[in-house]
Amino acid sequence: MMHRTRANSTEEGPRGDVLARACPSRQILQHVTSRWGGLILIALRGGTLRFAELRRRIDGISERMLAQTLQVLEADGLLIRTDHGEVPPRVDYRLTPAGEEISARVFALSDWIESHLPELMALSSDAAGRTGQ
């Protein structure tokens, strides 16, 4: 079995280990890499957006899933929700500094996937052919 080796602590305290079942870092990783979490983080890279703007920007997300995922990312400290207390309601979302950092990393991954899509699609077809799918 392979084990990662790295320092057990950082300047801020003990370092997380996403491979450990009980480590909270695993839950945050799950939220960031969920079906909608990463897309929300990417969409908010450009700055502050309202709920409806986010929904329009992320094709296919339902209002319910957007609301739930925004709540989870806010609870993780990755975004800030600002309710302006107006009628009709005006609520804005923006990334925290930690959210900005994670968003940049998720964006780099998605950018690599997009720029290598033809190769990845060919590899996927080749693998399906080898397994008889």
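**Before starting**

This is a predicted model, in which local features need pLDDT of at least 70 and side-chain atom pairs count only at pLDDT 80 or more, while totals for chains, interfaces and linings use all residues. Residues are numbered from 1 along each chain as its sequence is written, and side-chain values use heavy atoms, with hydrogens and water left out.

**The whole chain**

Followed along the sequence, the pattern of the chain is β-β-α-α-β-α-α-β-β-α-α. Of its 133 residues, 23% are buried; buried means under 20% relative accessible area, exposed over 50%, and partly exposed in between, with a 1.4 Å probe and protein chains only. Contact means heavy atoms within 4.5 Å. Among contacts between residues at least 6 apart in sequence, 40% join residues at least 24 apart.

**Helix α4**

Next, select residues 63-75, which form helix α4. This helix has 13 residues and spans 18 Å from its first C-alpha to its last, close to the 18 Å expected at 1.5 Å a residue; the expected span is 1.5 Å times one less than the number of residues. Which residues of α4 are buried? They are Leu66, Thr69, Leu70 and Leu73. These residues lie on the same side of α4 because they cover an arc of only 105° around the axis, the arc being that of the directions from the helix axis to the C-beta atoms. The face turned away from the buried side carries the exposed residues Arg64, Gln71 and Ala75. Just after α4, glycine 77 adopts a positive phi of about 80°.

**Leucine 54, in helix α3**

Select leucine 54, which is placed in helix α3. Its relative accessibility is 0%, so leucine 54 counts as buried. Apart from neighbours within four places in sequence, leucine 54 is in contact with Ala43, Leu44, Leu49, Leu66, Leu70 and Tyr93.

**The loop between β4 and β5**

Move to proline 88, found in the loop between β4 and β5. The peptide bond that leads from valine 87 to proline 88 is cis, with omega near -5°.

**Helix α5**

Select α5 (97-115). Its 19 residues reach 27 Å from the first C-alpha to the last, close to the 27 Å expected at 1.5 Å a residue. Gly99, Ser103, Val106 and Ser110 are buried in α5. They share the same side of α5, because the arc that they cover around the axis is only 75°. On the other side of α5, Pro97, Arg105 and Leu109 are exposed. The buried residues of α5 pack against α1, α2 and β5.

Within this helix, select serine 103. Serine 103 counts as buried because its relative accessibility is 0%. Not counting residues up to four places away in sequence, serine 103 touches Leu41, Ile42, Arg45 and Leu95.

**Leucine 120, in helix α6**

Continue to leucine 120 in helix α6 (residues 117-131). Is leucine 120 buried or partly exposed? At 28% relative accessibility, leucine 120 counts as partly exposed. Its contacts, leaving out residues up to four places away in sequence, are Trp112 and Ile113.

**The largest pocket**

Finally, display the largest pocket, which contains about 740 Å³ of space. On a 1 Å grid over the protein atoms alone, a pocket is an open set of points where a 1.4 Å probe fits, with protein on both sides within 12 Å along at least five of seven lines, and lining residues have an atom within 4 Å of a point. Grid points are joined across faces, edges and corners, and the volume is the space filled by probe spheres set on them. Among the 23 lining residues, Ile28, Leu29, Val32, Ile102 and Arg105 are the closest to the centre of the largest pocket. The elements that give two or more residues to the lining are α1 (24-32), α2 (37-43) and α5 (97-115), and α5 supplies the largest share, eight residues.

Methods. Helix = DSSP H or I, 4+ residues; strand = E, 2+ residues; numbered from the N terminus.
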